[in-house]
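Visitor: I would like to learn how to read a structure of this kind, feature by feature. Please show me where to begin.
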Amino acid sequence: MVVTILLKGSLAKFFNGEKEKTVDLPDGCSCEEALLACGIDWKQEKNFGFVAINSKRVMICDILRDGDELKAYPKISGG
Amino acid sequence: MQGYQNSVLRVDLSSKEYTSEPLQMEWARKYIGSKGLAIKYLYEELAPKTDPFSAENKLVLMTGPLTGTVVPCSGKLAIASKSPATGTISDASIGGHSAVRLKYAGYDAAIFEGKLPAPGYVVIRNDKVEFKDAAHLWGKGAHETEGLLSAEYGHGAGILCIGPAGENLVGMACINSDYYRQAGRGGLGAVMGSKNVKAIVVIGDGGVKIPNIEKATRRFIEIMKEDCLQEDNTFVYDCGTTAFLEACNDGGILPYKNFSDATDENWVKYNGDVLLASKAGKRGCASCALGCGNFLKIGDATVEGPEYESISAFGPNAGVSDPEAIAKANEIADDMGLDTISAGDVISWAMEMTEKGVHDFGIKFGDAAKYQEYLKLMAKREGVGADLALGVKGASEKYGGEGFALHVKGLEYPQYEPRGSWGMSLAYAVSDRGACHMRAYAPNEEVFAASIPPYTPEGKGQMVYGLAVHNAIKFSLCVCDFWATLEKGMMAELVSLVTGEEWTEEDMNAVGERVINIARAFNQREGFSRKDDTIPGRLVAEALKSGPAAGQKIPQEAFEDMLDQYYGILGWDENGMVPGSIIDTL
Amino acid sequence: MKRLKFSKEACIGCQLCAQACSAMHEGEYSLSKARIGISSYYDKGKELKYLDAYCTLCGICAKNCPEGAIEFGDSLALDSGKCTGCGTCGPACPRSVIKYFNEKPLLCDTCGGAPVCVEICPHGALKYE
């Protein structure tokens with residue numbers, strides 16, 4: 001399946017500054033697995049925030065579908 | 001300890017006299033400075049049940065040992081008093097350049113007591129203080145006031161001033177500096193207005209000495225480059241707090257139409273990309289490494305901002321998605337000297353009251369032109385503004401609609417929806433100054449983090465405690481919130497380098513908890529207890545309709561559970577009271 | 001010859017430059033004892049403006065000193081023995097950089113070739129090239 005991954009804020013470093021990439025992933029891939037396929041292990045990233053599928057926050061283990069947009073955010077502080 | 005001037009300026013406005021006295025250094029050892037030390041002074045010096053608008057209330061301007069050094073992001077000023085909006089202790093943190101001016105004038109703090117016999121302004125020029133007539137300034141907006149004073153005293157002077165809202169004792173009145181920075185919440189501008197003080201001008205030609213200053217400076221530069229200037233902090237330089245919009249919308253915590261829902265599909269119309277296309281410059285505060293201020297000229301608005309809170313309050317929460325209108329409302333609120341969060345919430349509440357037919361305030365969701373007018377009416381207490389100036393608590397007590405009047409203790413709700421982040425309802429409830437997002441910033445753990453479930457009370461007491469301690473320390477040094485990656489170990493190193501004494505992370509934790517306790521003890525003495533740590537009816541009775549938190553509401557039992565957890569961790573009793581054994585240590 | 005260069009677009013008005021300068025030269029963080037004076041302000045809240053008093057090594061102070069007390073090479077140096085505190089150099093400086101302390105001028109010495117103001121400037125508004 002084809003998924004678009006957007007990396008927000010400091011996470012964009014994993015795409016060398018490119019904010020967005022379209023990737024081919026096996027069906028039934030979770031957000032965690034999709035990020036791992038791009039070289040991002042969220043557990044190793046101190047400031048990893050959250051993920052959203054189609055602009056709606058989900059859990060890291062939630063499953064992606066073909067055509068989905070996955071956003072990964074860093075933590076952000078302030079107000 | 002070094003880093004302090006060891007001098008507090010005490011100004012008696014009633015007699016127009018001033019003295020300076022040594023800093024209570026024993027208190028500084030326990031509270032460090034800024035927030036914590038300001039609250040300690042007020043705890044010791046204010047009698048319980050003092051009327052916030054009386055001459056007996058005090059306005060405390062407090063710096064910290066880091067102020068005036070090159071520790072990055074150390075240039076903020078704590079201003080504290082007893083709040084006329086809530087009756088609690090209330091401290092705010094204002095940016096700009098006044099903190100450093102006050103420190104360089106030779107003071108750790110300036111405490112204003114009494115009341116001027118007629119409207120005036122105070123000029124602190126190093127060791128001299130002058131009391132000047134403000135008849136020519138009274139009634140003017142904060143922007144015109146600052147313009148006139150900086151023409152007279154120069155751009156190097158720090159200027160703190162109030163707009164009409166403060167003059168008219170509106171409980172949402174703020175204190176302004178550098179035109180677009182505020183000590184926003186709790187009505188500190190009204191306290192200043194009640195003392196007939198239109199402005200405080202500070203000129204400081206001195207400096208701050210610390211041990212091994214050259215070596216320490218090199219270390220501060222190293223820390224700035226390695227820690228402060230990383231993208232997790234510098235995003236505020238790039239896009240200010242507009243960055244929160246998308247995260248809050250995706251996270252399902254963006255207030256919509258007076259907190260009736262928590263997403264807005266129109267967010268792209270007023271997001272950072274749109275607003276920042278009109279960026280005309282960048283600015284930060286004294287000693288800042290980040291520079292969060294975005295100076296915008298958009299439509300007929302000129303404003304440094306708008307920040308996330310203001311965007312949400314004048315945007316989705318008011319049913320508006322016009323970026324020019326949002327920026328203009330921000331500019332007007334700044335000039336009137338009104339807190340954008342509280343003013344925005346009152347207007348949104350009034351919109352719902354009108355639409356539901358509970359009381360006709362003559363404004364509905366989406367009416368941006370009218371809300372700009374209403375901000376001016378509120379500041380002047382004219383027409384419908386006279387009722388809205390009461391705040392959501394006062395106005396709902398008068399007209400009904402209390403179930404959807406979102407506040408705690410009379411301080412209106414910041415722009416994070418707790419039904420999408422349950423711990424935030426606890427953070428708002430137990431915050432020292434009423435509903436405040438800066439005491440414990442729960443979304444950082446529950447929403448902007450992939451691991452802690454947001455829709456449960458479990459573990460929230462510990463989470464809010466940890467966040468509250470962290471910020472209590474940070475704002476007592478003080479360092480700006482936007483240096484987000486600053487950890488407690490490094491806070492200890494900074495304080496050690498500046499004071500020349502060794503502070504550990506354990507010391508920091510002890511200070512943080514002590515600050516929380518003394519603020520609570522102050523409020524307790526005023527009669528506050530568990531009954532005042534509340535959750536608005538809407539959050540318990542109504543479920544969110546959209547976003548990841550659709551269907552969520554917070555059961556009262558879950559809220560009470562979170563309160564119990566928090567009290568337990570701090571050693572307070574089931575009524576949220578600090579025991580005498582802890583008060584004795586404060 | 002290297003000189004200080006300033007680009008206001010990158011300046012956030014933090015004044016860390018002046019604070020670091022006075023720390024390294026006078027042993028305290030201060031604006032009044034700095035050999036640089038850069039800041040920004042909102043003119044009546046409507047326009048963002050900059051004050052950029054930094055030494056460009058134009059040498060006008062040295063030329064105007066009646067005692068020849070200012071040496072001018074790759075950087076400025078004050079011969080305190082020759083300086084009489086006459087106060088001529090300050091008003092002569094076209095960028096209004098020179099402040100006085102104890103009647104002697106505070107001259108930018110580029111920190112011996114590694115200016116601390118450049119090092120501390122968080123957004124690279126100051127360069128030395």
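Visitor: At roughly what angle do the axes of helix H7 of chain B and helix H1 of chain C cross?

Guide: Keep in mind that this is a predicted model. The axes of H7(B), residues 213-228, and H1(C), residues 16-26, cross at roughly 150° and come within 9 Å. Since angles over 145 degrees count as roughly antiparallel, H7(B) is therefore roughly antiparallel to H1(C). The crossing of these two helices is left-handed.

Visitor: Which residues of H7(B) and H1(C) meet?

Guide: From H7(B) come Ile213(B), Glu214(B), Thr217(B), Arg218(B) and Met224(B), and from H1(C) come Leu16(C), Ala20(C), Ala23(C) and Met24(C). Sorted by class, the contact of H7(B) with H1(C) has six nonpolar, one polar and two charged residues.

Visitor: Which pair of chains shares the most contacts?

Guide: As a general idea, the size of an interface is often given as the accessible area lost when the parts come together. Here the comparison is by contacts: two pairs of chains are in contact, and chains B and C share the most. Chain A and chain C do not touch, and their nearest C-alpha atoms are 18 Å apart.

Visitor: What scores does the model have?

Guide: The ipTM is 0.97 and the pTM is 0.97. For chain C, the average pLDDT is 97, with 100% of the residues scoring at least 70.

Visitor: Now for packing inside a chain. How do the axes of H2(B) and H21(B) cross?

Guide: The axes of H2(B), residues 34-45, and H21(B), residues 505-525, cross at roughly 30° and come within 9 Å. Angles under 35 degrees count as roughly parallel, so H2(B) and H21(B) are roughly parallel to each other. H2(B) passes H21(B) in a left-handed crossing. On the H2(B) side, the contact is made by Lys35(B), Gly36(B), Ile39(B), Lys40(B), Leu42(B) and Tyr43(B); on the H21(B) side, by Val515(B), Ile518(B), Ala519(B), Ala521(B), Phe522(B) and Arg525(B). The classes in this contact are eight nonpolar, one polar and three charged residues.

Visitor: Is the crossing of H13(B) and H16(B) left-handed or right-handed?

Guide: The crossing of H13(B) and H16(B) is right-handed. Their axes, for residues 340-356 of H13(B) and residues 391-399 of H16(B), come within 9 Å and cross at roughly 25°. That angle makes H13(B) roughly parallel to H16(B). In H13(B), Asp345(B), Val346(B), Trp349(B) and Met353(B) meet Gly391(B), Val392(B), Ala395(B), Ser396(B) and Tyr399(B) in H16(B). By class, the contact of H13(B) with H16(B) divides into six nonpolar, two polar and one charged.

Visitor: Which domains are assigned in chain B?

Guide: The assignment gives domain 1 (8-203), domain 2 (233-400) and domain 3 (416-484 + 504-586). The C-alpha centres of domain 1 and domain 3 of chain B lie 28 Å apart. Their contact takes 32 residues from domain 1 and 29 residues from domain 3.

Visitor: What should I look for in the backbone?

Guide: Most residues other than glycine have a negative phi, and most peptide bonds are trans. Departures from either pattern can be listed one by one.

Visitor: What is the omega of the peptide bond from Gly305(B) to Pro306(B)?

Guide: Omega is near -15°, and the bond from Gly305(B) to Pro306(B) is cis. Pro306(B) sits in the loop between strand E16 (301-304) and helix H11 (308-314) of chain B. The peptide bond from Leu477(B) to Cys478(B) is also cis, with omega near -15°. Cys478(B) is in the loop between helix H19 (460-474) and helix H20 (488-499) of chain B.

Visitor: Does Phe259(B) have a positive or a negative phi?

Guide: Phe259(B) is not a glycine, yet its phi is positive, at about 60°. Phe259(B) lies in the loop between helix H9 (243-251) and helix H10 (272-276) of chain B.

Key: Residues numbered from 1 in each chain as written. Chains lettered and ligands numbered in written order. Predicted model: local features only at pLDDT ≥ 70, side-chain atom pairs only at ≥ 80, totals over all residues. Heavy atoms only, no water. Axes fitted to C-alpha atoms, helices over the stretch in contact; angles between N-to-C directions. Helix = DSSP H or I, 4+ residues; strand = E, 2+ residues; numbered from the N terminus. Parallel < 35°, antiparallel > 145°, perpendicular 65-115°, else oblique. Left-handed = near helix turned anticlockwise from the far one by under 90°. Contact = heavy atoms within 4.5 Å. Nonpolar A, V, L, I, M, F, W, Y, C, P; charged D, E, K, R; others polar. pLDDT = per-residue confidence, 0-100. Domains from an automatic or database assignment.
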